[in-house]
Amino acid sequence: MSFNISRRGVALAAVLFGAGLVAAPAVRAEDTLGAPVGHVTLTAHSADVGIGYTWGDGTLTYGHHTYHFKVSGGNIAAVGYSALKAEGTVYNLKHLHDFDGSYGALAGEATLDKGLGGAVLSNSNGVRIKIETATEGARLAAGAQGLTFTLSR
């Protein structure tokens, strides 16, 4: 797969950046999320025709222990299929039971063969997870995404 970037597009980006209309963020996401307290890895699959469904599993490393969890959820506007692998950093987790719950994010995905992405997920207990994703498949998705993480007991 190859991408063609026009000279006009590069010139426009240079002008906008130089004029200060597009600026690099001065504050990193970790700075605004607080101190990291854990780590997650997960694998999931998404199948979509308009409204999508996501399922999978993962591990949470927290307090020198590893916990397994299930992933389920969906996307409002999506079409296609993709397999996802993600790793992330957990913030604001004070008690293990606060990890369970529904996480929301505004997200987008455009995968044709392979793709990369990221998002910050948050739940009603104040837990936030900054994830980086690698996807494979053929899928186009945009809008609100909701995932539920349930610790295995």
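At 34% relative accessibility, Trp-55 is partly exposed, a class lying between buried (under 20% relative accessible area) and exposed (over 50%), with a 1.4 Å probe and protein chains only. Tyr-53 is likewise partly exposed, at 45%.

The rings of Phe-99 and Phe-149 form a stacked pair, because their centres are 5.7 Å apart and their planes lie at 25 degrees. Rings of Phe, Tyr and Trp (its six-membered ring) pair if their centres lie within 6.5 Å; planes under 30 degrees apart are stacked, over 60 edge-to-face, and the rest tilted. This pair links distant parts of the chain, 50 residues apart: Phe-99 is in the loop between β2 (65-91) and β3 (101-122), and Phe-149 is in strand β4 (residues 128-151). Strands (E, at least two residues) are DSSP runs, numbered from the N terminus. Phe-99 is buried at 0%, and Phe-149 is buried at 1%.

## Basis of the model

This is a predicted model, in which local features need pLDDT of at least 70 and side-chain atom pairs need 80 or more, while totals for chains, interfaces and linings use all residues. Residues are numbered from 1 along each chain as its sequence is written, and side-chain values use heavy atoms, without hydrogens and water.

The structure holds six aromatic pairs. Tyr-53 and Trp-55 form a stacked one, 5.9 Å centre to centre with 15 degrees between the planes. Ring pairs also join Phe-69, Phe-99, Tyr-103 and Phe-149 into a cluster.

## A residue in the loop

Asp-98 also lies in the loop between β2 and β3. Its contacts (heavy atoms within 4.5 Å) include Tyr-103 and Val-127, not counting residues up to four places away in sequence.

Notes:
Helices (H or I, at least four residues) and strands (E, at least two) are DSSP runs, numbered from the N terminus.
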